[in-house]
There are 2 protein chains.
Amino acid sequence: MADDRTTFLLDEDAIPTHWVNIAPDLPGDPPPPPLSPRTGEPAGPDDLAAIFPMGLIEQEVSMEPEIAIPAAVRDAYKLWRPTPLRRARRLEQALGTPARIYYKWEGVSPAGSHKPNTAVPQAYENLQAGVRKLSTETGAGQWGSSLAFACSLFDMECEVFMVGSSYDQKPYRRSMIQTWGATVHRSPSDLTEAGRANASHPTGSLGIAISEAVEVAAQREDTNYALGSVLNHVLLHQTVVGIEAIAQMEMAGDRPDVIVACVGGGSNFGGIVFPFLREKLRGDRDVRFVAAEPAACPTLTRGVYSYDYGDTAGLTPLMPMYTLGHDFVPPPVHAGGLRYHGDSPLVCALVKAGLVEARAYRQNETFEAAVRFARSEGIIPAPEPAHAIRGAIEEAMAAKEAGEERVILFNLCGHGNFDMAAYDAYLAGTLEDPEFSEADMNAALERLPAAPALG
Amino acid sequence: MADDRTTFLLDEDAIPTHWVNIAPDLPGDPPPPPLSPRTGEPAGPDDLAAIFPMGLIEQEVSMEPEIAIPAAVRDAYKLWRPTPLRRARRLEQALGTPARIYYKWEGVSPAGSHKPNTAVPQAYENLQAGVRKLSTETGAGQWGSSLAFACSLFDMECEVFMVGSSYDQKPYRRSMIQTWGATVHRSPSDLTEAGRANASHPTGSLGIAISEAVEVAAQREDTNYALGSVLNHVLLHQTVVGIEAIAQMEMAGDRPDVIVACVGGGSNFGGIVFPFLREKLRGDRDVRFVAAEPAACPTLTRGVYSYDYGDTAGLTPLMPMYTLGHDFVPPPVHAGGLRYHGDSPLVCALVKAGLVEARAYRQNETFEAAVRFARSEGIIPAPEPAHAIRGAIEEAMAAKEAGEERVILFNLCGHGNFDMAAYDAYLAGTLEDPEFSEADMNAALERLPAAPALG
């Protein structure tokens, strides 16, 4: 029977001791390997060693079902973990639904999202390898601020290449990065070849910023690179979210029938889903999974399953994933964290296998859900998890229609304190509602790299 | 012995059932009464009934030591309460101090500060009285956003007069207010006589905004006024902070030797201090209290103890308090919530009685403490509680100097997500460090209203 409380808290002793590695539990053949962009051959650990420490590379390719969380990382997690799980009772009432809606609230981290869950272990593994400086790129700044925070905990240096348009228009995430002691460069910068080659680019792009950060890490002995999503080890680190949620749903006396999370690169989705998915794959649980993405960048719902580059410039390994084409440029929706042409290979393989259902939502219907949530539950969500809220409300209304109880869990992965301009536009009725361009996508898909076809 | 955990959480069952009313425990004569601005005679409940509901007026003058928290208010508190209490282990290490530093973290509320603790019961008591619309003023927006949030929970209307300069320069708090469904007017507006009389004022002021909000509430049958600090019932509501902190310090196995909080109008200070103070006054506890204020607006350290108006225009009752003069205009420091010429009569009486020690800090040394905190504990604090952090660090360094253990507790009453421009200026070395003008203060003090002298 469902517990009558609203908030389910775990003591810090309940911070997970191990991350869940979903790879060994995946059904069917192992996922196709990433390919070297130079040789087209499967990329091995050596291809990554120039920019990643061996500790993270081992996690990236591990087939162990559980990987121990280092004591220093668990200690740092104590600054904000375990995060609360809440039942959205006021939202349920507002919807008049018989469904029970729960959300995991990751916005309580210092940086305001789930990103520090992986920033901290990435910084730590680099420090263990003797690396005291990290470079990375950031778009709107969620990832850059999280890595800056993590580096401040270990007295490490951090250098962030921030997409020029965000650097100019969203200065406050930049200020956060600097407050935690990191250096921020407007990208394109004059510090790298990739930046100088694009010096005249007016706004910069995530592709250019990645190229700058990777170049710095590849060329300097003392510097490594860190990525905030997509890769296996990043999703691995995020599974603390789902592990805690399993314990908290037990406290609540409820079992989710469906779990909803937004997908950009896939780390917040994998983080909450994989621990539940493992139980499902082992026959211990019956639950559906919904991946919510923006209709302006509908990777999982409209993309093709193919090998493609992870970045715009074609410097990264080729990865097996749903893609809109590596040089497809999505319209500038406010959910900047979801504007990615591809997705985590792990998440894509699950969609391909029919284990995850993907849905795309328009920008205005997403903000409508966000405002509804804010006016019932209080929290003003970031535009990215607003997609998950939209999906959760859809499930709750379907349950009402069917007159059935349904237990819904979603991941509220960040707050909207730095996104209020988007709310302004929505409330003023001036928020754009862009559709993706099928013609642009098709043109980009024609430029997919030559690589073996995927089944 | 001190517990080895970092975070001390209470379950929602531990949300307090009663607020602590410090009035009946105060030593000596009862505090002098407020005086009507029209008659100069003691102001009674009737003087307040035009703009406040009787439920709040009764709380304002109550001599009951405990006042029950309505079930609907406790239910709303569940959206963010109980708030965490944390031991600042990383800050202790960075300081190399033998002191143990704890902080109560009020920034987890939807509005990001302690203000909703009183916004919710104020909205509720008005609703009980049949009032469905509240008006208020806001400076930088903390209070306005908190009242908007509270009104959204009870389906009440909310009208906020926002100081013009903040309305123009800090649009994101305004966006929050609107996201929660409230209406925001730039003050001076053309909706009130007070606004129209000041139509040419370029920036507006808190004084004008208060006058507009009070005028609207006094003239409209269906509208009441709500104030975010200073008054007894506001401090009463905030005592949930200290009541929880007492329980959490017990979990931590520690007893605070000193409690530090910033003071603007006094509500965050009273909130954490009064429950501990009551135990001290009853002989059950030995603890010091430190009130931290900005050197740019040094009410408690440099003001005179006298009757003065609560607002600039002289519309409110005369209150017995430390004041810099009701028309003294403090320099524009970023801690907008601390730029008040007076202070809560209750807090002032405690300073006068020697039960509270007041200290004033300059803006740059305050931000130095804030950045130190952010780089060790992660959280980027609002400029207001940065004054409390400064005070706590001072206590910790004194303990180090003396080679003694000392247990320090401070109230971290809000996050700095909407204050990043101030951090920008600090990190760039361009943050001003204004002193208050003694000449301006003396001139303002010469304009104190005629009223009985205070002992």
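A salt bridge is a side-chain nitrogen of Lys or Arg within 4 Å of a carboxyl oxygen of Asp or Glu. In this predicted model, the side chains of R174(A) and D424(B) meet in such a bridge, at 3.6 Å from N to O. Between chain A and chain B the count is 6 salt bridges.

Residues are numbered from 1 along each chain as its sequence is written, while chains are lettered from A and ligands numbered from 1 in the order in which they are written. Local features need pLDDT of at least 70, side-chain atom pairs count only at pLDDT 80 or more, and totals for chains, interfaces and linings use all residues; side-chain values use heavy atoms, with hydrogens and water left out.

**The interface**

The size of an interface is often given as the accessible area lost when the parts come together. Buried area is the accessible area (1.4 Å probe) that two parts lose on being put together, summed over both. For chain A and chain B, this area is about 3900 Å², and carbon and sulfur atoms give 51% of it. In chain A, the residues that lose the most area to chain B are L79(A), R90(A) and T179(A), together 17% of what that side buries.

Contact means heavy atoms within 4.5 Å. The residues taking part are listed by chain below.

| Chain | Residues in the contact |
|---|---|
| chain A | 43 residues |
| chain B | 44 residues |

**The nonpolar cores**

A nonpolar core is a set of buried Ala, Val, Leu, Ile, Met, Phe, Trp, Tyr and Cys residues joined through side-chain atoms within 4.5 Å. Buried means under 20% relative accessible area, exposed over 50%, and partly exposed in between (1.4 Å probe, protein chains only). The largest nonpolar core has 109 residues, and Y225(A) and F269(A) are among those with the most contacts inside it. Leaving aside neighbours within four places in sequence, Y225(A) is in contact with residues including I51(A), F52(A) and E137(A).

N268(A) belongs to helix 13 (residues 267-281) of chain A; helices (H or I, at least four residues) are DSSP runs, numbered from the N terminus. Because its relative accessibility is 5%, N268(A) counts as buried. A polar atom of the side chain of N268(A) lies 2.7 Å from the backbone oxygen of C262(A). Beyond its neighbours within four places in sequence, N268(A) is in contact with H114(A), A261(A), C262(A), N411(A) and C413(A).

How values were computed: Helix = DSSP H or I, 4+ residues; strand = E, 2+ residues; numbered from the N terminus. Polar contact = N/O pair within 3.5 Å; in protein donor to acceptor, adjacent residues only side chain to side chain.
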